[in-house]
Amino acid sequence: MACLSDIDLATLHEHRLKQRWHYGLANYSDYHPHQDGFNAMTRRCLERSLHKPDTDPRKVQKDLNGNSLDAFGSSGGADKSDLDNNCLASGMQRQRSGTWPRTRSLNAPSPFQQFGPCGRIMKNSAMVMQIQDPASQRLTWYKPPLTVLVIKKVSDASVLAPFVQLVDWLLQEKNMVVWVESAVLEDAHLNEDVKFKAIREKLVTFKDGRDDLTDRIDFIVCLGGDGTLLYASQLFQQSVPPVMAFHLGSLGFLTPFRFDNFEEQLTSVLEGHAALTLRSRLRCVMHRKGDKRQEAKVEANADARPAANSILVLNEVVIDRGPSPYLSNIDLFLDGKYITSVQGDGLIVSTPTGSTAYAAAAGASMIHPSVPAIMVTPICPHSLSFRPIVVPAGVELKVSVSPESRNTSWVSFDGRNRQELFHGDSLRVTTSIYPVPCICAQDQISDWFASLADGLHWNVRKRQKCLDELSDLTASGSEETLDEMENMKLYDI
């Protein structure tokens, strides 16, 4: 079933208006039969938006009170020009206040929206989208996957044999079209493999930065460490196919599968028997000084196709002082409001997935990837009270170099595309509507805590002995212990 993020914004906006209209009728008219729960201006704007002219401009509609409406939504005694001006003024006020509706996809259960007998959330187009509970997120194929992209860890001889075995199985047993990066075929050790020579010509290749893989790949398989999944995220800057990651690297936070029985595991996934973790990504857009026209264009199309200068990151975006010996002096804004200035080595803005990466080393908390949030973590701040914070996923963060800063800053996106942030430039970061759907080996909870235990040895310590064991030890060795203590005292004297 298609989620709301797949619907175009115009349809979504109209859907929300209808929801708000019918919600007011259903929940308010029961108690106030002659009222609808909207003030006059709200009711007029809704009626004007919903009762649009179809083919006959003279078509008459009925408003909520039963009065006749013309094609423009105006009733008897109402001036159409006044209505237009009021709606326009209301929209401009919202735009200036920074509350212009933004569509966001949050991975969390939808809260109940009725509060007691009278209170409720007002339905409007700016409301956050509702999706299913993350625990019920399961993979389903509405048509059989035919193309698979295999990403392997580079410069690692231990991955070559599993790579050849996997590709051969996908070609021979599953009759799938296998894509690989063109650089893979240039591996000298791989070309010496007799089995690989037989299947080399059957592979479809692409080159990073030149070929667009959008809508060409149905399924992704990663062989290696966490870097292979980060690379897959970089390749797809919009919708990402489901990703199945095998642990053949060093750490393996994001690679829950073992390669021993890959045939059985892959068959189960291709049949649609798997849980999903939707790992949110950050949409980062650089705005250079003096480029106000481009900035306004990006703001107007924030939820449309990504801009040419936007980058989606899976772990984090890091702003640091680079080679300069001076402290970074970075201004931080949240939804257009100034929050604080960061004075230190830099700042980390990360996803929940990135909370176990650089942010964890900088002292941040570790957050489950299904939590809709953005983490803001200072790097060695020049203030002991500057602790890491977590903000809602729907906000927009703006980072810029302070006017009084002695130096510029440098920005990197998932450890790549490092570039300088000059005075007057800004970086805008918000949650992307395109997450990375990662296939779970077991389920969302088990996989995450297993990665914490295996990768970080989280909360690993020796067990405290129970009281029975201590009493037994004390009873059996009490006399010897007392004698040893007396001897030690005499020795000290």
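# Exercises on a predicted protein chain

Leaving aside residues up to four places away in sequence, Arg200 touches Leu185 and Asn191, where contact means heavy atoms within 4.5 Å. The model is predicted, so that local features need pLDDT of at least 70 and side-chain atom pairs count only at pLDDT 80 or more, while totals for chains, interfaces and linings use all residues. Residues are numbered from 1 along each chain as its sequence is written, and side-chain values use heavy atoms, with hydrogens and water left out.

## Exercise 1. Placing Arg200

Determine in which loop Arg200 lies, and whether it counts as buried, partly exposed or exposed.

*Solution.* 
- Step 1: Arg200 belongs to the loop that joins helix H6 (194-199) to strand S7 (204-206). Helices (H or I, at least four residues) and strands (E, at least two) are DSSP runs, numbered from the N terminus.
- Step 2: The relative accessibility of Arg200 is 28%, so it counts as partly exposed. Buried means under 20% relative accessible area, exposed over 50%, and partly exposed in between (1.4 Å probe, protein chains only).
- Step 3: Leu190 is ten residues from Arg200 in sequence, and the two C-alpha atoms are 10.0 Å apart in space.

## Exercise 2. Confidence along the chain

State the average pLDDT of the protein chain and find where confidence is lowest and highest.

*Solution.* 
- Step 1: The average pLDDT is 78, and 67% of the residues score at least 70. pLDDT is the predictor's confidence in each residue, from 0 to 100.
- Step 2: The lowest confidence falls in strand S1 (residues 61-62), with a mean of 44, and the highest in strand S13 (residues 316-320), at 97.
- Step 3: In residues 52-78 the pLDDT is below 50, and this stretch makes 46 contacts in the model beyond near neighbours in sequence.
- Step 4: Where pLDDT is low, the predicted coordinates should not be read in detail.

## Exercise 3. The surroundings of strand S14

Explain why strand S14 (residues 328-334) is described as largely enclosed, and identify the strands with which it pairs.

*Solution.* 
- Step 1: Seven of the seven residues of S14 are buried, so the rest of the structure largely encloses this strand.
- Step 2: In a regular strand the side chains alternate between the two faces of the sheet.
- Step 3: On S14 both faces are covered, with Ser328, Ile330, Leu332 and Leu334 buried on one side and Asn329, Asp331 and Phe333 buried on the other.
- Step 4: S14 pairs with strand S15 (residues 337-350) in the antiparallel sense over seven bridges, and with strand S18 (residues 396-401), again antiparallel, over five bridges. Two strands pair if DSSP finds at least two bridges between them.
- Step 5: Phe333 stands opposite Tyr338 in S15 and opposite Lys398 in S18.
- Step 6: The hairpin of S14 and S15 has two residues between the strands, and Asp335 there takes a positive phi near 50°. Leu334 has Lys337 of S15 as its bridge partner.

## Exercise 4. Other partners of strand S15

Trace the pairing of S15 with S13 and with strand S16 (residues 373-381).

*Solution.* 
- Step 1: S13 and S15 are antiparallel and share five bridges, and Asp320 has Gly346 of S15 as its bridge partner.
- Step 2: S15 and S16 are antiparallel over six bridges, and in S16 Ile379 is the bridge partner of Gly346.
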